[in-house]
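The stops below are given in the order in which to select them.

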Amino acid sequence: MQIWVDADACPGVTKEILYRAAVRHSLSVILVANQWLRVPPSPFIRAVQVAKGFDVADSHIVEQAAAGDLVITADIPLAALVIEKQAYALNPRGELYSAENIRQLLDLRNFMDALRSSGVETGGPPPFNHADRQKFANQLDRFIARQGKST
């Protein structure tokens, strides 16, 4: 299992949690972004810089992710694509996307996008907070444990 990170918009605290998990569990964590990223020196952590452009990082993740891999992303369409490949997707706020919930989440995202396009002010997501960080860390730990990884 590898962990792929849609790193352009991933909160720094989430990346730090992933770095610690990579080392603790000897897991491969690959951060994909369209800009250069500084990552800690570790044989388990690497960054991939892709060309700038709409969904270039997402496309790279979809092409490279394999069944059983975990993708960290807040991008619901990306999550849907990796779930189709039998991979898993986890939001940086700790929400595990699944085949059971992804259709509803896509529909809600598309509805909100349509509202914004018609001029309705919908606001953005709430600020990332300590509870989000803790929920992500707990969900990641549970996921790794289910995959048979031990500390």
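Is Asp141 buried, partly exposed or exposed, and at what relative accessibility? Select Asp141 in this predicted model: the residue counts as partly exposed, at 37% relative accessibility.

A search of the whole structure finds two salt bridges. For the other, select Asp132 and Arg93, whose side chains meet at 2.7 Å, N to O. Asp132 lies in helix α5 and Arg93 in the loop between β5 and β6 (96-97), 39 residues apart. Asp132 is buried at 13% relative accessible area, whereas Arg93 is partly exposed at 24%.

Now select Tyr88 and Phe143. The count of aromatic pairs comes to one, and these two residues form it: edge-to-face, 5.0 Å centre to centre, with 70 degrees between the planes. Tyr88 is in strand β5 (residues 88-90) and Phe143 in helix α5 (residues 130-146), so the pair ties together parts 55 residues apart in sequence. Phe143 is buried at 2% relative accessibility; Tyr88 is partly exposed at 33%.

Finish at Ser42, in the loop between β2 (28-33) and β3 (45-49). Ser42 counts as buried, at 17% relative accessibility, because the cut-off for buried is under 20%. A polar atom of the Ser42 side chain lies 3.0 Å from the backbone nitrogen of Phe44.

Methods
Residues numbered from 1 in each chain as written. Predicted model: local features only at pLDDT ≥ 70, side-chain atom pairs only at ≥ 80, totals over all residues. Heavy atoms only, no water. Phe/Tyr/Trp six-rings, centres within 6.5 Å; stacked < 30°, edge-to-face > 60°. Helix = DSSP H or I, 4+ residues; strand = E, 2+ residues; numbered from the N terminus. Buried < 20%, exposed > 50% of the residue type's maximum accessible area, 1.4 Å probe, protein only. Polar contact = N/O pair within 3.5 Å; in protein donor to acceptor, adjacent residues only side chain to side chain. Salt bridge = Lys/Arg side-chain N within 4 Å of Asp/Glu carboxyl O.
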